[in-house]
Amino acid sequence: MSTVRYKIEQQALAGRLVSIDKFEHNLGEVILDGRILTMAATIALIAHDGKKDAMVNFAKKHRPLLNRYRLIATQTTAERLQLEIDQPIEQMLSGTMGGDFQIAAKVIEGEISAVIFLVDLLATPSEPGLQALQRACILHDVPLALNLSTAEAIADSLRLARIAHLIFNPVSGQGNAEEDLKIIKQQLEPAMTLRVHFTTLEIGPEQLTQKAMEARADLIIASGGDGTVSAVADALIGTDVPLGIIPRGTANAFAVALGIPSRLTPIRSACQVILNGNTRKVDAARCNGLPMILLAGIGFEAEMVEKADREAKNRWGALAYIMAGFQQFNEQELFETEIEVEGVVKKFHAAAVTIANAAPPSSVMAQGAGEAIAHDGLLDVTIVAPKTDLQAISALANLVGAALLKTPTNREEIISLQTKRVKVMTNPPQKVVLDGENIGTTPVEIECVPGGLTTIAPPAKNNPNRETGNELPELGK
């Protein structure tokens with residue numbers, strides 16, 4: 001099979017395109033006609049002519065198991081299997097042309113999880129030999145079955161193995177994507193079978209996650225920024241498939257909100273959280289039908305995020321948001337806001353409205369209640385409505401203090417409440433940022449999905465200082 005390197009608009013990646021050639025060579029990525037298929041977590045199938053019926057029966061019996069893996073086979077074996085089972089099988093050369101040597105090479109490259117080679121002792125000399133493949137499997141400690149009994153034993157073992165699908169954004173953050181992936185594989189592969197999928201301009205996290213779901217993944221891991229994590233989470237809301245997170249973005253807000261380490265050695269620390277295996281149900285939300293795991297920002301936050309463009313984030317990292325915030329602070333104007341909660345409608349003149357499902361302390365505009373808790377079944381709404389520049393400065397300082405101390409704000413120009421559903425309309429329409437991405441303008445309608453997302457994260461910590469309430473007060477009362 002010919003390998004075709006996919007094309008990426010390099011200017012869109014701000015000059016940070018990792019070497020796809022290196023990914024292909026070092027990590028066994030399979031790319032066909034511009035489409036990334038998969039890598040690793042592969043089972044190789046070979047059968048002498050006298051054993052091909054037995055191989056077909058084995059594949060039929062274990063179809064649900066085999067469906068979770070990428071399959072490769074020598075040509076004639078692949079052709080027989082494709083007639084009998086509804087699953088893609090990558091064809092090697094025929095045994096007479098050296099297909100068994102191709103599989104042996106993949107074993108040596110670390111791409112193969114197991115080899116099933118049903119051997120016929122009466123096979124003709126022209127059929128695939130055993131010596132090279134057996135030597136490769138012995139040297140590289142890869143399970144090799146030579147008859148149906150050992151094939152069944154491998155199937156039983158694989159059935160117990162945990163298969164994790166890693167959705168990897170190679171252009172996230174400022175690090176070396178190739179080195180990051182190498183560390184992830186080193187940390188996780190001893191404990192689980194890892195299938196890696198790369199996002200591209202043409203193939204997004206949503207599509208890759210859906211394919212992982214169809215392959216019956218035990219665990220799906222998102223590695224990238226908040227945009228990647230949110231897109232992966234979208235497909236997992238309402239399912240029991242756990243979401244693991246390896247933060248490699250600029251802010252990594254969702255990871256921080258869940259207590260997943262993102263400083264010093266973020267990749268190794270996040271991998272250790274995944275290996276610890278503590279599952280935790282957290283809330284999700286829908287904003288105008290779109291998934292929301294973090295927050296929706298209207299007004300100040302949306303303008304700030306837009307100013308912190310990719311070029312600024314590549315250059316300054318998280319500081320880009322702070323710099324953009326100072327710039328927007330001087331430009332932000334009040335706008336008419338109408339908020340509806342549980343059938344009650346109130347109007348304000350606001351500079352910012354933030355509706356949070358979860359938010360780290362760095363998301364200052366979401367800290368009206370002192371902390372946005374991701375597992376309380378409620379959305380946290382913070383409305384900042386200053387009348388003067390001095391009030392605006394005081395409100396911002398108060399929100400920073402609330403974030404650091406995890407205590408509610410005490411300013412009359414800051415309104416905070418908790419609710420399961422909220423609708424926000426503004427005049428004039430205001431930009432809306434959702435989980436770090438601009439999605440258009442108001443109005444928005446947001447609804448919490450309690451316990452809608454299963455994550456792998458440290459146990460939750462309760463905040464005794466947090467107050468709850470769903471009343472919309474009059475400004476200044």
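Me: Buried means under 20% relative accessible area, exposed means over 50%, and partly exposed is in between, with a 1.4 Å probe and protein chains only. On that scale, is D141 buried or exposed?
Reply: D141 is exposed, because its relative accessible area is 69%. Keep in mind that this is a predicted model: local features need pLDDT of at least 70, side-chain atom pairs count only at pLDDT 80 or more, and totals for chains, interfaces and linings use all residues. Residues are numbered from 1 along each chain as its sequence is written, and side-chain values use heavy atoms, leaving out hydrogens and water.

Me: What is the mean pLDDT of the protein chain?
Reply: The mean is 81, and 79% of the residues reach 70 or more. pLDDT is the predictor's confidence in each residue, from 0 to 100.

Me: Where does pLDDT stay under 50?
Reply: Over residues 1-39. The model has 84 contacts beyond four places in sequence for that stretch, where contact means heavy atoms within 4.5 Å. Where pLDDT is low, the predicted coordinates should not be read in detail.

Me: Back to D141. Where is the place of D141?
Reply: In the loop between α6 (131-139) and β7 (144-145). Helices (H or I, at least four residues) and strands (E, at least two) are DSSP runs, numbered from the N terminus. D141 is not a glycine, yet has a positive phi of about 55°.

Me: What about N288, what is phi there?
Reply: Near 50°, a positive value in a residue other than glycine. N288 sits in the loop between β12 (279-287) and β13 (290-292). N288 counts as partly exposed because its relative accessibility is 44%.

Me: Which peptide bond into P428 is cis?
Reply: The bond from N427 to P428, with omega near 0°. P428 lies in the loop between β20 (421-427) and β21 (431-434). The bond from T442 to P443 is cis too, with omega near 10°. P443 lies in the loop between β22 (437-441) and β23.

Me: Helix next. How many residues are in α7, and what should they span?
Reply: α7 (residues 148-160) has 13 residues and should span 18 Å at 1.5 Å a residue. The expected span is 1.5 Å times one less than the number of residues. The end C-alpha atoms are 19 Å apart, which agrees.

Me: Which residues in α7 are buried?
Reply: A151, I154, A155 and L158. Down the axis of α7, the buried residues fall within an arc of 105°, so they line one face of the helix. The arc is that of the directions from the helix axis to the C-beta atoms. An α-helix has 3.6 residues a turn, so residues three or four places apart point the same way.

Me: What covers the buried residues of α7?
Reply: The cover includes β3 (42-47), α2 (52-61), α3 (63-66), β6 (112-118) and β7. On the other side of α7, S149 and L160 are exposed.

Me: What caps the N-terminal end of α7?
Reply: N147 does: a side-chain oxygen lies 3.3 Å from the backbone nitrogen of S149.

Me: Sheets now. In what order do the five strands of the open sheet come?
Reply: β5-β4-β3-β6-β7, with parallel pairing. β5 (90-91) and β7 stand at the edges with a single partner strand each, so one side of each has no neighbour in the sheet. Two strands pair if DSSP finds at least two bridges between them.

Me: How many bridges join β3 to β6?
Reply: Six. L45 stands opposite I116 in β6.

Me: How many bridges for β12 and β23?
Reply: Eight, in the antiparallel sense. T279 stands opposite I456 in β23. β20 and β23 also pair in the antiparallel sense, over four bridges. There, I446 in β23 is the bridge partner of V422.

Me: Where is T454 found?
Reply: In strand β23 (residues 444-456). T454 counts as buried because its relative accessibility is 7%.

Me: What joins the side chains of T454 and K281?
Reply: A polar contact of 3.1 Å. That term means a pair of N or O atoms within 3.5 Å; within protein, one must be able to donate a hydrogen and the other to accept it, and residues adjacent in sequence count only if both atoms are side-chain atoms. Leaving aside neighbours within four places in sequence, T454 is in contact with residues including T239, P242, L243 and R280.
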